[in-house]
Amino acid sequence: MKNIIKTIQIEVDEDCRYNVCGDWIYYANERDQRYLYKMRTDGTEKTLISKVDVSDINVVGDWIYFWNFDKNLNVVSYRIRIDGTDLHTLSSLTESTLNTNIDTEISKVINTRGNTSGNISRGGEAAIQGDWIYYRYKKLYKIRTDGSCNIKLNDEISNYINVIGDWIYYGNGENIYKIRTDGTEKTQIGSDSAGFFTVIDNWIYYCNWSDNHYLYKMSTDGTERILLNSEPSYSINISGEWIYFLEDRFKLCKIRIDGTGKEQLIDTDCVGLMLEGNWIYFYNMNYGFSKMKIKQSLPKFLYQLLKKIKFIKL
């Protein structure tokens, strides 16, 4: 069956300053000074959120985290509610004193994946679990969703933040680490420089900048490290047993999480790839900003069985 691509009329360029969360697309409107807007995923209800230039939009709960440049070209980080209220610079948030009773709380909500596809595609600058938001502002912080208890957790660059249970996973540009949600027990998991990484089911899937940008997965305890695709791979997104990614930067492909069944879906320039629900969102030079339905595949064991008894033609 042919892939069905639907174009969404949205003013976003190839820089792809957007994020998809639930039924909403949050984006920088190229026709209105890159101000922060939102619209439904069907293209309706276009709404101005705030007259502020935005980059790397991360959506966590009722909050949007992003950054821009000031007049002196310094990076300024912000957060704002999704309804456009409570705009603050992250530097203005008061840092709380570490409180043992607060920090040893275990959230009643435990993530099954470390962060959303949209946030990872935008640098993984913020993640949410239960009543806590974990975010990067030069270093790693956490803050309650109500804005209280802003606590610093480490003293280094922390990219691609993933949170599952009482562990936070992140990269610092040189290695992969995990640290407890109370800021203790920092542990190096691997020595790869990793990008676009997502933690699911005790595995970290990532682009290995230390090895030609190839696609890898590593166990969360660091004991296993497996090459999945020996071609440069970017914008890694995971849905079920499939990894969707851009190969050689621009070709949209998918591969099973065990490294088998690689397939090219679109062979022309694609950027800004992310998954939400049953849709793949991307920007393409031919289609513009678009979405494509994720096709449901047979489970691997059933596929192999049917192929073996020749119900599926090779």
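Modeller: Start with Arg-17 and Asp-53, which form a salt bridge with their closest N and O atoms 3.2 Å apart. The pair links distant parts of the chain. Arg-17 sits in the loop between strand S1 (5-7) and S2, Asp-53 sits in strand S5, and 36 residues separate them. A salt bridge here is a side-chain nitrogen of Lys or Arg within 4 Å of a carboxyl oxygen of Asp or Glu. Strands are DSSP runs (E, at least two residues), numbered from the N terminus.

A word on the basis of these values. This is a predicted model, so local features need pLDDT of at least 70 and side-chain atom pairs count only at pLDDT 80 or more, while totals for chains, interfaces and linings use all residues. Residues are numbered from 1 along each chain as its sequence is written, and side-chain values use heavy atoms, with hydrogens and water left out.

Arg-17 is buried, with a relative accessible area of 17%. Asp-53 counts as partly exposed at 30% relative accessibility. The cut-offs are under 20% relative accessible area for buried, over 50% for exposed, and partly exposed in between (1.4 Å probe, protein chains only).

Now the sheet that Asp-53's strand belongs to. Four strands make an open sheet in the order S2-S3-S4-S5, with antiparallel pairing. S2 (18-21) and S5 (47-53) are the edge strands, each with a single partner strand, so one side of each has no neighbour in the sheet. On average, neighbouring strands of this sheet are turned by 20 degrees against each other, direction ignored. Strands count as paired if DSSP finds at least two bridges between them. Angles are taken between axes, which are lines fitted to C-alpha atoms, and run from 0 to 180 degrees between N-to-C directions.

Look inside the sheet. S3 (residues 24-29) and S4 (residues 35-40) pair in the antiparallel sense over 6 bridges. Tyr-27 has Tyr-37 in S4 as its bridge partner.

The side chains of Arg-40 and Glu-45 meet in a salt bridge, 3.4 Å from N to O. Arg-40 is partly exposed, with a relative accessible area of 25%. Glu-45 is also partly exposed, at 46%.

Lys-186 lies in the loop between strand S16 (176-180) and strand S17 (187-190), and Glu-156 lies in the loop between strand S13 (151-152) and strand S14 (159-164), so the pair ties together parts 30 residues apart in sequence. Lys-186 counts as partly exposed at 45% relative accessibility. Glu-156 counts as buried at 16%. Separately, Lys-139, Lys-152 and Asp-155 are linked in a network of salt bridges. The structure holds 14 salt bridges.

Take S14 first. It is mostly covered: 5 of its 6 residues are buried. S14 and S15 (residues 167-171) pair in the antiparallel sense over 4 bridges. Val-163 stands opposite Ile-168 in S15. The two strands form a hairpin with 2 residues between them, and Gly-165 in the turn has a positive phi of about 65 degrees.

Then S15 and S16. They run antiparallel, joined by 5 bridges. Tyr-170 stands opposite Tyr-177 in S16.

Last, the packing. A nonpolar core is a set of buried Ala, Val, Leu, Ile, Met, Phe, Trp, Tyr and Cys residues joined through side-chain atoms within 4.5 Å. The largest has 41 residues, of which Ile-204, Tyr-206, Ile-243, Leu-252 and Ile-280 touch the most other members. A second, separate core of 14 residues includes Leu-36, Ile-49, Val-54 and Ile-80.
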